[in-house]
Amino acid sequence: MDETGYIPKSLEAQERFLWWDFDQAILFLLIMGTGVISGAMLAGMICGALLAWQYGRIKTGKHPKFALHALYWWLPSGIVVRLRATPPSHLRFFLG
């Protein structure tokens, strides 16, 4: 019996949409959608592709949940992620 097939390198591989990671695809679609709404679809597609490509270069070699980590640190606490065990992001100095 010939069992040829795809064996993933990691069982926890991030979801992909076409050739981009899912968070890159969301970024592309968001910028392209803004271009469609403003009447400049081609410009939106180009800007979205460039922004998604640059974001992919920034997150290379970082944690798979890099986007959530960045949102936690740079946005006010409670907007994106509410964690019980982690203190709010604005508390930078801890005692103990």
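Which residue takes a positive phi just after H1? The residue is Gly39, with a phi of about 90 degrees. The model described here is a predicted one.

**Overall architecture**
- The secondary structure of the chain consists of three helices and two strands.
- Read from the N terminus, these elements follow the order β-β-α-α-α.
- Among contacts in the chain with a separation of 6 or more, 30% join residues 24 or more positions apart.

**Surface and burial**
- The chain has 96 residues, of which 17% count as buried.
- Its accessible surface is about 8,400 Å², and carbon and sulfur atoms hold 68% of that area.

**Helix H1**
- Helix H1 covers residues 22-38, which is 17 residues.
- The buried residues of H1 are Asp23, Gln24, Ala25, Phe28 and Gly35.

- Lys59 belongs to helix H2, which comprises residues 41-59.
- Lys59 has a relative accessibility of 10%; because buried means under 20%, Lys59 counts as buried.
- The side chain of Lys59 forms a polar contact, at 3.0 Å, with the side chain of Asp23.
- Asp23 is itself one of the buried residues of H1.

Key
Residues are numbered from 1 along each chain as its sequence is written. This is a predicted model: local features need pLDDT of at least 70, side-chain atom pairs count only at pLDDT 80 or more; totals for chains, interfaces and linings use all residues. Side-chain values use heavy atoms; hydrogens and water are left out. Helices (H or I, at least four residues) and strands (E, at least two) are DSSP runs, numbered from the N terminus. Buried means under 20% relative accessible area, exposed over 50%, partly exposed in between (1.4 Å probe, protein chains only). A polar contact is a pair of N or O atoms within 3.5 Å; within protein, one must be able to donate a hydrogen and the other to accept it, and residues adjacent in sequence count only if both atoms are side-chain atoms. Contact means heavy atoms within 4.5 Å. Accessible areas come from the Shrake-Rupley method with a 1.4 Å probe; for residues, only the protein chains shown count as cover. The expected span of a helix is 1.5 Å times one less than its number of residues.
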